[in-house]
Structures are given as C-alpha cells and as structure tokens.
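This briefing concerns the pockets, cavities and salt bridges of one structure. Please consult the sequence and the model shown below while reading.

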Amino acid sequence: MAIRDRDFVEANLVASERLGELRRVAEQFQVALTEEVAALIDPADANDPIAAQFVPSVAELRTSPEEQADPIGDERWSPLPGIVHRYPDRVLLKPSLVCPVYCRFCFRREQIGARGKVLGSAALARAYGYIRERPEIWEIVVTGGDPFLLTPRRVASVVAALTAIEHVQVIRFHTRVPIVDPKRVTAALVDALDTEKAVYVVVHANHPRELTAAAKAAIGKIVRAGVPVLSQSVLLRGVNDDAAVLEQLFRALVAMRVKPYYLHHPDLARGTGHFRGDIAEGQALMRELRRRASGLCQPTYVLDIPGGHGKVPIGPCWLHRDAAGWRVEDRDGLSHRYPRPDDTE
Ligand SMILES: *Cc1c(COP(=O)(O)O)cnc(C)c1O
Ligand code: SF4
C-alpha cells in the first residue's frame, strides 16, 4: 500500500509540525513511497540516504531560473501521447505515468502521477501504429512512470504488440519496481517478458541499502529467465556523491548479475537544486571509481542536455592532445605518451 501525506507523519518519517510543509510540496509534486522503502529509513538519521530520495522536503519549494518543467525536452519530441522520439532508431513508449514511489529528484516529476494516468487502448493503438509505420525504429524503451505497475496481462500485451512489429528488435523496460516494490515481480510478470525478441530490463538504484534481500530475489527471477538486467543511477548530493557508496552500489549490482549502465547527472527539474552537485565533482568520483573497482562496475556518467538535445558521456577524460601527440593519464594520475600515426597533419 502506498504511503501518502498524513501517513508520513504516522510512519514517523515527517515530524507532525512539518505536515503543513509536506502538504505544500504535495500540492506541486507527486508524493508516495512503498512500505518496503519506508522500512529502510532510519527516522533518527537526519541525513538518511533513503529518506532523502523519497520523503518530501521544503527544499523542493525552492526553484531557480534555469530549472524547467520539462528539463530534457520530452514534449518537443513527442509526436503523439505516449511516444517520445528523439533519436532516429529508438523511441520511448509510456503506457502509464504512475510510479510505485515518487523520487524527489525525478526529471519527469511534472509529467508523472495520477494526473497523467494510463494510456487508453485507443492511444496505445495509435502509438503502436506510429512505430509500425517507421522501419528505422529498432528499439523501444518502455518507461513512464513505471511499466511494471501494469498488470502482467497488460505487460504481456505490450510485449506481444511490439514483438509483432518486424523491425523492432529490442524491447527495453525501465523500472524501479523490482527494488522498491519487489513483491510485484511475480512469475506471471516474468513470464510476460518471454518473447523471441531481445528484452532487457533496466532497474533504477541509487544507494546500496536499496538492494535488500527481497530486491535481490526479484531481480534474480528476471535474470534466471534469461533477461539481461542493467541499472541506472542518478548522482545525488547527500545520497551517493561519495566514492565508497558508489563502489558499494556498483559492486553489489554486478554481484547480482546487474550491469551498471548509466550514472545520470541530475536534470534541471524544478525544486531539485539541493540534489545537484557540479559536474567536476561527478568526474572526480568516476575517476576514483575507475581506480577502485573492476571495469564491470563502471557505468557511463551521462548528461541529458537541457532542451532535448540527447544524452552524452561527460567524462572524465583520460586523454589529452598536444604538439607531440597524445598524453594518456593512468589511474594514479601519471601521464604517458601515445603516438599519433605519421600521416596525421
Ligand atoms: C534516454 C532516452 C533514450 C535511450 O537512450 P540510450 O542512450 O539509448 O539509453 C531514448 N529516447 C529518449 C527520448 C531518451 O530520453
Ligand atoms: S521511478 Fe523514475 S519516473 Fe518514477 S518518480 Fe522515480 S525517477 Fe521519476
């Protein structure tokens, strides 16, 4: 059962004198968390990394001019409801905009939630039609909201509809359900992913404490069904902006057979400034992570360029060019020469 407003006070997650603030935040942004997530929070810890991600804070009422309602320009690239088509070969399909939890830093926080609801069957049919008419679409990212909140029957119908489109080769689900609401990963849901096309699942995890025994079991079911699982994380000040925490997170994921895919620099979503550090800090963390851990534990640190210009890796860069050729830095910061071919310049 989802925990909302007053329940936050009853669950001892928000002091009763802060209920007014909580309600002001909830008027602007969606608020919910699951019992599993609430149980991970230590109410005595004012800096609890789980609470920071899910418990509303008055800091969300502070916005800055560079923050936007649609920070990565999804609207601009949405030809019809439920579809975002920014790159030629892949589209987002959003069958539902509901989430099991509402992350306080969410980049889509002003699009998601009960207001957007579930795409009706006519709208979904139009979305499939759009994909069917465009042979250049190779991959579908099923996202939202959280697509694993749909019933297994509906997930199966999305998978069947996409499988039937010949040029669609890859179906990728982006979800937070296996981690924040693991009991929803039933045998029926896992069966719904079974198709002859390549299905990938990308889970969202930001702190090693999220990887509970139940979350591990849920992800294990998906992996054992032969579905590759990747992860994405958001670099969040006060949650995981620490090399030891990131190392623990990515090692734990790899040990669960989950490949860290992206570490996102936070987007310029409204009321999320308290989560955003500088890109230079993120680069230093990635450098340190490279020094400490296996290549399997290295996600790509990316920025979704504000305005809808797409995601790009943002370093760090180990390579520099000078008159004599390349200089490559090693993990200890020492510089080494690498030549350019004689015929360049
Ligand atoms: C993030 C995103 C994708 C997927 O990008 P990858 O870099 O392939 O993971 C596709 N379309 C849109 C609009 C996106 O925002
Ligand atoms: S699960 Fe994803 S879409 Fe939902 S609130 Fe969190 S970041 Fe946003």
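The lining of the largest pocket comprises 19 nonpolar, 10 polar and 11 charged residues; here Ala, Val, Leu, Ile, Met, Phe, Trp, Tyr, Cys and Pro count as nonpolar, Asp, Glu, Lys and Arg as charged, and the others, Gly among them, as polar. The model is predicted: local features need pLDDT of at least 70 and side-chain atom pairs count only at pLDDT 80 or more, whereas totals for chains, interfaces and linings use all residues. Residues are numbered from 1 along each chain as its sequence is written, chains are lettered from A and ligands numbered from 1 in the order in which they are written, and side-chain values use heavy atoms, with hydrogens and water left out.

- The volume of the largest pocket is about 850 Å³, a volume being the space filled by probe spheres set on grid points that are joined across faces, edges and corners.
- A pocket is an open set of points on a 1 Å grid over the protein atoms alone, with protein on both sides within 12 Å along at least five of seven lines; a cavity is a set where a 1.4 Å probe fits but cannot get out, and lining residues have an atom within 4 Å of a point.
- Among the 40 residues lining the largest pocket, F107, R108, T143, H174 and Q232 lie nearest its centre.
- At least two lining residues of the largest pocket come from each of β1 (83-87), β2, β3 (139-142), β4 (170-175), β5 (198-204), β6 (229-234) and β7; helices (H or I, at least four residues) and strands (E, at least two) are DSSP runs, numbered from the N terminus.
- Ligand 2 sits in the largest pocket, meaning that more than half of its atoms lie within 2 Å of the pocket's grid points.
- Around ligand 2 are C99, V101, Y102, C103, C106, I112, R176 and H204, each with a heavy atom within 4 Å of the ligand.
- The shell around ligand 2 has six nonpolar residues, one polar and one charged.
- The second largest pocket has a volume of about 440 Å³, and of its 21 lining residues A46, D48, A51, A52 and V55 are the closest to its centre.

**Cavities**

- Three cavities of 30 Å³ or more are found, and the largest cavity holds about 60 Å³ of space.
- Residues lining the largest cavity include L235, R237, D241, H265 and E281; by class, this lining has four nonpolar, three polar and four charged residues.

**Salt bridges**

- The whole structure contains 25 salt bridges, each a side-chain nitrogen of Lys or Arg within 4 Å of a carboxyl oxygen of Asp or Glu.
- R270 pairs with E110, with the closest N and O atoms 3.0 Å apart.
- K183 and D181 form a salt bridge at 2.8 Å between the closest N and O atoms. K183 is exposed at 55% relative accessible area, whereas D181 is buried at 6% (buried is under 20%, exposed over 50% and partly exposed in between, with a 1.4 Å probe and protein chains only).
- E288 and R292 meet in a salt bridge of 2.7 Å, N to O; the two residues are four apart in helix α11, about one helical turn.
- A network of salt bridges links E247, R251, E288, R291 and R292.
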